[in-house]
Amino acid sequence: MTENGLVVDNLSVTLKTRDGDLMPVSCVSMEIPQGCIVGLVGESGCGKSMTARSVMGLLPYGGSISGGHIFLDGTDISAFTPKQMRSINGSRISMIFQEPMTSLNPVVRVGKQIEEVLLLHTDIPKEQRKEHVLEIMREVGIPEAERRYRAYPFELSGGLRQRVMIAMAMICKPELLIADEPTTALDVTIEAQILKLMESLRRSFNTSVLLITHNLGVVARICDTVNVMYMGQIVESCVKTALFENPQHPYTQGLLASLPRLDRSERLTNIKGTVPPLNAVPEGCRFADRCPLATGLCRTDPPYQETEPGHFVRCHHCSKKEA
Amino acid sequence: MNRKKRKEIKSIPKGHFADICRNFARNKTAMAALAVLILILITALFADVIVDYRTKVLAQDPRMRLLSPSAEHWFGTDNFGRDLFGRIIHGARYSLFFGIACTAISLAVGCVLGATAAYYGGIIDNIIMRITDTVMCIPFLLLALTIVAVGGPGLRTLTIAITVASVPGFTRMVRSVVLSVVSKDFIEAAKSCGTKDAAIIFGHILPNAIGPVIVNCMMNIAGIIMSAAGLSYLGMGIQPPTPEWGSMLSEAMKYFRTYPHVAVCAGAAIMITALCFNLVGDGLADAIDPKRRR
């Protein structure tokens, strides 16, 4: 276990609802070493955002961490009080959201909104704060920063707003940036620019990034390692190249097979069935009902094991192949 | 050409507030109502300068009773020979005082209660809202009448009565507005930056909720002016000889068949003021709501 960066150890999240307790995240472990971009991939509702929110201490009403720990540079932040969480949110961990359109306060000028983060976490005097804000605005590639400083969010385009969000997140030079589907609401050209920006920020600030996405193209572009989530569990974890060249879990294989490709003309495959609801989690392997390889063995919990150095898979069949 | 165009664009003020002002200015009815309101406000403020309170408004003169409107007495005189114009503009002070003061106090209380209920939710929300619901079960006038009956008629009791009776409405309104803002993404984004609760409520939630709240206030002022006049009409508010529109109207009803101008003046004053507040409120609602904008 590394000392630097974020370590999520066996994290479980319980959500109290009227229909009983649900577990959107169960026993998730992952590591984000300092300066790395780690992808968290999975379809909607598989627990990606819940994992991110528990790291931020922003679980929705009724949600709580029911097991495991989150370490930031060796400190257990999963046991932090809300007040302690507030002091590290924005300064050591920060987050950018999916919808840049709605994530900015519409009645406050963007410069002021960025400045507010500085006000909260530093004691830089007022005159210098504006300089800092302008500097970070230039850093994230906002043209005419002086003019944009006084702009309201509705006067900016989607890409610029996302840049403002990134400026807010990066102004205190946090160790970890959580990006919750940062490019989903943007068109592809802007997506490419934003990803490029995140990569250059990672290099200049040595910030680690947890990139949540359902877009494997985004993963292929900038991630170092990837975690694939299915129904609250990590089913496969490996470096990026291994994921695309040698996917081992049937779910990952299914995901990759359902990407359209120009160099093949056969019909696009898809993963059959749908994700079962969280209150009806199947016994044993959670993917068994939809898995082409499923056997009787899959009704028991599959082991999470290293099949190749640095390549972890949660599947009975993958272990067999290796043995 | 190009330079001229750029200059034009520059001269238009930017921002939310300026936008709202521009939209409001385009609404002719609302602007007319606002002009009348300002006129009423000015006459009420300078009532002492325009008409002397002791000699014209309170002093009775039986020889001059129930005169029709003339150059000397613009609105005529009442059954005690007092100048009606003077009584109306002095009466405006009471009506405006009730309308604005009661709204301000109940708004302040309602904002605190409603915002707390909406932001924290859960049991706090339940306690505040169930008490509000209980108070709201009692009809507005009945509640106000009860409080006046306990405290005795007069300016202070009337203010308290009307304020207490209108707090639940404000609480409910503020809560619903705040609830719709709390669920927005930028509140979560603010939380993710480590912003404190109080800063979120005052810095992010209330500025976004202020529009509908102001509109509601304008409407509420109209309602309060009418209920204050109503209570005084019933003899539960301001007592004669103090010039209050409601009590003036109630007295004038005795002569309504023979000398209708007394009742008409008092009634028209109430109606016009309330109508103007309503129209301004409507205009603001149109100006603020982006969906109704061009």
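A:Lys112 and A:Glu115 sit three residues apart in helix α3 of chain A, about one turn of the helix. The two side chains form a salt bridge in this predicted model, with 3.8 Å between the closest N and O atoms. Over all chains, the count of salt bridges comes to 16.

**Interface of chain A and chain B**

- The contact involves 27 residues of chain A and 19 residues of chain B.
- The size of an interface is often given as the accessible area lost when the parts come together.
- For chain A and chain B, about 2,000 Å² is buried between them, and 57% of this lies on carbon and sulfur atoms.
- One salt bridge is found across the interface.
- The partners A:Arg53 and B:Glu188 form a salt bridge, in which the closest N and O atoms are 2.7 Å apart.
- On the side of chain A that touches chain B, at least two residues each come from α1 (48–56), β6, α3 (110–121) and α6.

**B:Asn208**

- B:Asn208 is placed in helix α11 of chain B, which covers residues 197–233.
- Leaving aside residues up to four places away in sequence, B:Asn208 touches A:Asn105, A:Pro106 and A:Val107 in chain A, and B:Val181 and B:Phe186 in chain B.
- A polar atom of the B:Asn208 side chain lies 2.7 Å from the backbone oxygen of B:His204.

**Sheet of chain A**

- Eight strands of chain A form an open sheet with mixed pairing, in the order β6-β7-β8-β3-β9-β10-β12-β11.
- The edge strands, each pairing on one side only, are β6 (93–96) and β11 (304–308).
- On average, neighbouring strands of this sheet are turned by 20 degrees against each other, direction ignored.
- Strands β3 (residues 37–41) and β9 (residues 225–230) of chain A run parallel and are joined by four bridges.
- A:Val38 has A:Thr225 of β9(A) as its bridge partner.
- Helix α6 (residues 158–170) of chain A lies across β6 and β7 (176–180), and runs at about 170 degrees to β6(A).

**A:Lys240**

- A:Lys240 is in helix α9 of chain A, residues 240–245.
- Not counting residues up to four places away in sequence, A:Lys240 touches A:Val219, A:Ala220, A:Arg221, A:Cys223, A:Asp224, A:Thr225 and A:Val226.
- One of these residues, A:Thr225, is also the bridge partner of A:Val38.
- The side chain of A:Lys240 has a polar atom 3.4 Å from the backbone oxygen of A:Cys223.
- Between A:Lys240 and A:Leu262 there are 21 Å in space, C-alpha to C-alpha, and the two are 22 residues apart in sequence.

**Domains of chain A**

- Chain A is divided into domain 1, residues 99–171, and domain 2, residues 250–322.
- The C-alpha centres of domain 1 and domain 2 of chain A are 43 Å apart.

Note on methods:
Residues numbered from 1 in each chain as written. Chains lettered and ligands numbered in written order. Predicted model: local features only at pLDDT ≥ 70, side-chain atom pairs only at ≥ 80, totals over all residues. Heavy atoms only, no water. Pairing = 2+ DSSP bridges. Axes fitted to C-alpha atoms, helices over the stretch in contact; angles between N-to-C directions. Contact = heavy atoms within 4.5 Å. Domains from an automatic or database assignment. Buried area = accessible area lost by both parts, 1.4 Å probe. Salt bridge = Lys/Arg side-chain N within 4 Å of Asp/Glu carboxyl O. Polar contact = N/O pair within 3.5 Å; in protein donor to acceptor, adjacent residues only side chain to side chain.
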